[in-house]
Amino acid sequence: MVALPRLVIAAPASGCGKTTVACGLMAALRARGLTVSGHKVGPDYIDPGYHALATGRAPRNLDPFLCGEELIAPLFRHGAAGAQVAVVEGVMGLFDGVDEGGLGGDFPPGAGGSGGIRVSSPRASTDFGSTAHVARLLGAPVVLVVDAARAGRSVAALAAGFAGFDPRTPVAGVILNQVASDRHERLLRDALVGAGLPVYGVIRRTEGIATPSRHLGLIPAAERAAPAGQAIDRMGALIAASCDLDALLALAARATALPGPAWSPPPATARTTPAPTIAIAGGAAFTFGYTEQAELLEAAGARVARFDPLRDEDLPEGTAGLVLGGGFPEMHASGLSANGRLRDRVAALAARGAPVAAECAGLLYLARTLDDRPMCGVLDVRAAMTPKLTLGYRQAVAVTDSVLARAGDVVRGHEFHRTVAVPAAGDQPAWQVGPGAVEGHVAGSVVASYLHTHWAGHPAAAVRFTTACAKVPSV
């Protein structure tokens, strides 16, 4: 049993200031000398990059759909090991979870659908996968961030409604954001006292800490390291000056002990010597990835090496396999294309049968062209930006045996992009994502698709991939 102090930072909806408050609270507590663990509800990759800056620790996601609700507390305990307090940033509104109306049967809405988080399943109209769901799984107090910019006493009615909506998920108190003046603050506080809700902070309207956005949300921290670090410092100072940190820590300490063991990546049943080197793409163009992926590969017997396709002209020495995760290659297409030496190295590696696993950005990088700029040419695919957002959870069935899955294996993932790849599926598709809908490419030891997966939800992928890499002859 572990009694780690923890808080969930939630909101009535997106755009209320959750990320500013969560990152600022992480930074403010760290500035006090505490070891802080940051976590994000849902599949988002971008906010956790800012969490890492604020805490100085690896970012962690908590997603019941991708990993299964039974793994949320174990993954939390694993990610928070050694911390003195944990801050969990919610997703969307507090009770906004999986839209399970979707298509009937065993398949989610197909690729190309857009909108909120969606999947078809037997659980109709629940908050599965929501911030509230994760808070319950963690036994963590919830603090509601409320945007008060255009409201007075009605803020208390809103907050009281959230506090009483689901008795399983009590709201411990609120942090008021975008408060205009002393008079406005008094009005809000008096109304909330009358509703029986503690106020843990009051944040005035302020300029200078806004984080720039583009087509898929905030610009990742890795693309703007110095400005992002400065923004985190300002967020920390703002929260330290605006919130009662002692009261928030006391609230966090009320969280009950979590039973059961922490998650750990399953160890390899047999290791090869030397360990195969698996190169994972990073840098500004490849910023999307879950921390547990590298941990699973290492536990399976691999040596993980990082490289930056924008800067590095060669793959890490001895590379026997390649992982190309998500990110924004469309924003860096000219730089990726200009690095012809590395593109040739990637193409040659794939040609000699080395395993390559590519998700979304990785698919685009392996294409023949991206927005008419030459890419690696591993796949006979042409990709381009579009105005349409494709966003949603997917339940997928492997169509073809690959270095990640056997045909018939079921995985859960998500899509998050504004690009289109033509053709959408190769002669040997990777996944079936709906009735009659296939997606992705399997070509030899290459598997590439738009599907993002969290390998903690299907750890066999890491073992299968590492085993395949160990069979690649050295050159």
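Trainee: How many of the five residues of strand β1 (residues 6-10) are buried?

Mentor: This is a predicted model. In it, strand β1 is mostly covered. R6, V8 and A10 point one way from the strand and L7 and I9 the other way, and all are buried. The number of buried residues in β1 is therefore five of five.

Trainee: Which residue of strand β4 (residues 85-89) stands opposite R6?

Mentor: β1 and β4 pair in the parallel sense. The pairing runs over four bridges. Within it, the residue of β4 opposite R6 is A86.

Trainee: How many residues apart in sequence are the parts that the salt bridge of R60 and E295 ties together?

Mentor: The side chains of R60 and E295 meet in a salt bridge, at 2.9 Å from N to O. R60 belongs to strand β3 (residues 60-62) and E295 to helix α10 (residues 291-299), so the pair joins parts of the chain whose separation in sequence is 235 residues.

Trainee: Is R60 buried or exposed?

Mentor: The cut-off for buried is under 20% relative accessible area. R60 has a relative accessible area of 8%, so R60 is buried.

Trainee: What is the distance between the closest N and O atoms of D166 and R136?

Mentor: A salt bridge requires such atoms to lie within 4 Å. D166 and R136 form one, with their closest N and O atoms at a distance of 3.7 Å.

Trainee: Which helix holds R136, the partner of D166?

Mentor: D166 is in the loop between α6 (154-165) and β6 (171-179), and the pair links parts of the chain 30 residues apart. D166 is buried at 9% relative accessible area, whereas R136 is partly exposed at 23%. The helix that holds R136 is α5 (residues 131-138).

Trainee: Why is helix α2 (residues 46-55) described as largely enclosed by the rest of the structure?

Mentor: The buried residues of α2 are I46, D47, P48, Y50, H51, A54 and T55. The helix is largely enclosed because the share of its residues that are buried is seven of ten.

Trainee: Which residue with a positive phi follows α2?

Mentor: The phi in question is near 75 degrees. The residue that follows α2 with this positive phi is G56.

Trainee: What is the relative accessibility of F286?

Mentor: F286 lies in the loop between β10 (277-281) and α10. Not counting residues up to four places away in sequence, F286 touches several residues, among them P309, L324, L336 and Y365. F286 counts as buried, because its relative accessibility is 4%.

Trainee: What distance separates the C-alpha atoms of F286 and G38?

Mentor: Along the chain, F286 and G38 are 248 residues apart. Their C-alpha atoms are separated by 21 Å.

Key
Residues numbered from 1 in each chain as written. Predicted model: local features only at pLDDT ≥ 70, side-chain atom pairs only at ≥ 80, totals over all residues. Heavy atoms only, no water. Buried < 20%, exposed > 50% of the residue type's maximum accessible area, 1.4 Å probe, protein only. Helix = DSSP H or I, 4+ residues; strand = E, 2+ residues; numbered from the N terminus. Pairing = 2+ DSSP bridges. Contact = heavy atoms within 4.5 Å.
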